[in-house]
Amino acid sequence: MSGNVLTTQALSVEMGAGEPWPSDVALYQTYEVEQILLPDNAATLAVQAFLHMAGLDFVVEMRSNAESMSPSGRLPFIKAGAFVISEMDPIVAFVNTKGISLTESLDRGQKADMRAYMSLVNNVMGNAELYMTWIDQLTLAEVTTPRYSSVYPWPLDLILTWQKKRQVVKKLSALGWSNKSLEDVYGEVETCCRALSERLDSSKYFFGTKPTELDALVFGHLFTILTTPLPDNRLKAIVQQFDNLVRLCEHVERDFFEKLNSSDSDNGNFVQLP
């Protein structure tokens, strides 16, 4: 995010402090069936999981141009009354200003631990998903290009897809990811999953019996990998090696999505684990 966007979102968080959670909150994303891509789906599911864990009501609004509507150009974003906030960390901060927190029972060391693991997930899983989506040629040709361009007319579909690819490659290059091989990426993901698995151990959630935003973030990434068909499904196979991480996804799915999915809720479509 640019400095101006960060400042704007910080002001939104500050200005919204003390006010109750609005009754008309909407979460914006691209269309699930024909358009959304692996990284955006993971980020969107993570935020949805967090809001469900916090017991907050919202509706999902799907727009083909949701990305350009977002103040940071990234998904998802929420509209809460007069405030528009994008991406998970600012949304968590906004929720915290309402006196709602999933980490109030954690001590300072545990909170630092949680933030470190969230950084690991964002830096590894997030970049791996971008790599698979925009650099892996097979996925780019068979999945990314058809889905990303599906909502735009010719020749806009070609232009916008090319612009997005250039933007992502530039970002991954700056982070040292663009020159990695596919095997390097799979190795990074496996190392990350092993670290998460060791931290989770036999607990239901990362910090005991109650979930935090770390659980929501991990769920968003891993559930998306487990349920998104790709030409090469080795990412899914890597995640499936870690039984406790799969169980974490099952717990979050059951506790915070299945109950809502079985009711007349407007909280979006939800693909269950096979």
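Helices (H or I, at least four residues) and strands (E, at least two) are DSSP runs numbered from the N terminus, contact means heavy atoms within 4.5 Å, and buried means under 20% relative accessible area, exposed over 50%, partly exposed in between (1.4 Å probe, protein chains only).

The model is predicted: local features need pLDDT of at least 70, side-chain atom pairs count only at pLDDT 80 or more, and totals for chains, interfaces and linings use all residues. Residues are numbered from 1 along each chain as its sequence is written, and side-chain values use heavy atoms, with hydrogens and water left out.

**Helix H7**

Select residues 156-174, the extent of H7. The buried residues of H7 are Asp157, Thr161, Lys164, Val168 and Leu172. Seen down the axis of H7, these buried residues fall within an arc of 70 degrees, so they line one face of the helix; the arc is that of the directions from the helix axis to the C-beta atoms. Just after H7, Gly176 takes a positive phi of about 80 degrees.

Next, step back to the loop between H6 and H7, where Pro155 is placed. The peptide bond joining Trp154 and Pro155 is cis, with omega about 5 degrees.

Select Pro76, in the loop between H3 and strand S3 (77-80). The bond from Leu75 to Pro76 is also cis, with omega near -5 degrees. Most residues other than glycine have a negative phi, and most peptide bonds are trans.

**Two residues with positive phi**

Move to Glu87, in the loop between strand S4 (83-86) and H4. Phi of Glu87 is near 75 degrees, a positive value in a residue other than glycine. Glu87 counts as buried, at 14% relative accessibility.

Then select Asp201, in the loop between helix H8 (182-200) and H9. Asp201 is not a glycine, yet its phi is positive, at about 55 degrees. With a relative accessible area of 52%, Asp201 is exposed.

Finally, return to H5 and display the lining of the largest pocket, to which H5 gives the largest share, 9 residues.

Conventions. Expected span 1.5 Å × (residues − 1).
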